[in-house]
Amino acid sequence: MAPPDHYAIVKALDFGGNGATVAVKDCIDIAGEVTACGSAALKESAPAASHADVVENLISAQCHVIGKANMHELAYGMSGVNDTFGTPINPRWPDRIPGGSSSGSAVAVAAGLCDFALGTDTGGSVRQPAICCGVFGIKPTHGRISRKGCHPAQSSLDCVGVFARTAKTLIEGMEAIDPSFQRQPMIAAPRVARVKCALDQDVGDPLIYAVMEGLGDASYIELPLMEAAFEAGMTLIGHEAAQAYAPLMAQPDKLGSDIRKRLQAAQQIPSKAVQQAEKIRLDFTAQVDEALTHFDVLMTPALPVVPPTLAEARNPATLLPLTRFLRPFNLSGHPAIVLPISVGREGLPAGVQIIGRKDEDAALCEVAEWLSSTLTAFAKEDTA
């Protein structure tokens, strides 16, 4: 359990019904509260005039909102380090990063401060901190969940997602934020294809033996554009962030140094690179769609390496690989869920990602619950 000064919650709140307790990432509007997006540049902004749609949905579902969750500044980073509001402490691995950008949401769930939490995922920002903190996380189909009242307002990749300690609660979170979500009980074991991915041996071997081998005769396929899709996602995220936060660059001294440097670099992305990234988006999406005509679910490792320590994360090069298998599915828009396990003698954080067909989020959630209750590797994680 994290100590009282865990920095997961930037402001405690107390409203809603008597149902599940929920923390809401601080880039999602809550009426009467400042949406600071983890940044000193927005800390003194006017309070939001109304709730974001997802917050309205939480209230309609009788959820109880307990606070605004901390985050990486402007949702534009992978470490979760925040010098303005404090860096949330990873409850199980306090020397390691909590992950970004939805760091506070992941920590709040892992620490047991709430039943589930909302984050946003533009390039892995729910799924990566979920694995870093040892919890489940979902990025729904792009466009399925309303982003009205979320920041930045415009994004072709961002999704509101859910963190939970169990696959069952993850489903309950999806039901709360998505009135169209209807459970789809499995009638047969899913057809799973493992996607070939290059990763660190210390992570890969345990995943193969503990998870992938447990699936028996699951097929092994390639998505040749995975790496290109990762790079294209980086390009489009940078391009859209530069547009969204251009006004803040007029006061660069109010931005963290890492964000300022990233935005300055993003402003230099040429239009030709953006056009090429859009072409890769189309081609990679078609590639994933085609693979899912033969299989119900695609599976990848969640992270290619064990999450770095806070000290190691001072070197940006240690962070860059962390979303290598996550970001491509923001580009394609497919729903994806990460399931946590612990690897090695030290029990360090790792996990797998499952990807489903667009708008079949409920079916994908059922696969996640089936895996977490069937395979030994997940059984011990799905008891909180």
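Contact is taken here to mean heavy atoms within 4.5 Å. On this basis, in the predicted model, Ser125 touches Gly100, Ser101, Ser102, Thr120 and Phe163, with residues up to four places away in sequence not counted. Ser125 is found in the loop between β4 and α3 (127–133). The relative accessible area of Ser125 is 8%, so this residue is classed as buried, the limit for that class being under 20%.

Ser101 is placed in the loop between β3 and α2 (103–110). Both Gly100 and Ser101 are among the residues touched by Ser125. A cis peptide bond also joins His151 and Pro152, with omega of about 0°. The position of Pro152 is in the loop between β5 (136–139) and β6.

Most residues other than glycine have a negative phi, and most peptide bonds are trans. Cys37, however, has a positive phi, near 55°, and is situated in the loop between β2 and α1. With a relative accessible area of 3%, Cys37 is buried. Gln62 likewise has a positive phi, near 65°, and is found just after α1, in the loop between α1 and β3. The relative accessible area of Gln62 is 47%, and this residue is therefore partly exposed.

Helix α1 itself spans residues 53–60, and Val54, Val55 and Leu58 are buried within this element. Viewed down the axis of α1, the buried residues fall within an arc of 100°, and they therefore line one face of the helix. The cover over these buried residues includes the strands β1 (9–16), β2 (21–25), β3 (64–69), β4 (116–121) and β6 (159–164), together with the helix α4 (167–177).

Strand β1, one of the elements that cover the buried residues of α1, contains Val10. The relative accessibility of Val10 is 30%, and Val10 therefore counts as partly exposed. With neighbours within four places in sequence left aside, Val10 is in contact with Asp26, Lys68, Ala69, Asn70 and Phe85. The C-alpha atoms of Val10 and Met71 are separated by 9.1 Å, although these residues are 61 residues apart along the chain.

Rolling a probe the size of a water molecule over the atoms shows where empty space is left. The largest pocket has a volume of about 820 Å³. This pocket is lined by 31 residues, of which His72, Asp258, Arg262, Pro316 and Leu319 are the closest to its centre. The elements that contribute two or more residues to the lining are α6 (226–244) and α7 (257–266). Helix α7 provides the largest share of the lining, namely six residues. Divided by class, the lining of the largest pocket holds 14 nonpolar, 10 polar and seven charged residues.

Note on methods. Residues numbered from 1 in each chain as written. Predicted model: local features only at pLDDT ≥ 70, side-chain atom pairs only at ≥ 80, totals over all residues. Heavy atoms only, no water. Buried < 20%, exposed > 50% of the residue type's maximum accessible area, 1.4 Å probe, protein only. Helix = DSSP H or I, 4+ residues; strand = E, 2+ residues; numbered from the N terminus. Arc of directions from axis to C-beta. 1 Å grid on protein atoms, 1.4 Å probe; cavity = no way out; pocket = protein on both sides within 12 Å on 5 of 7 lines; lining within 4 Å. Points joined across faces, edges and corners; volume = space filled by probe spheres on them. Nonpolar A, V, L, I, M, F, W, Y, C, P; charged D, E, K, R; others polar.
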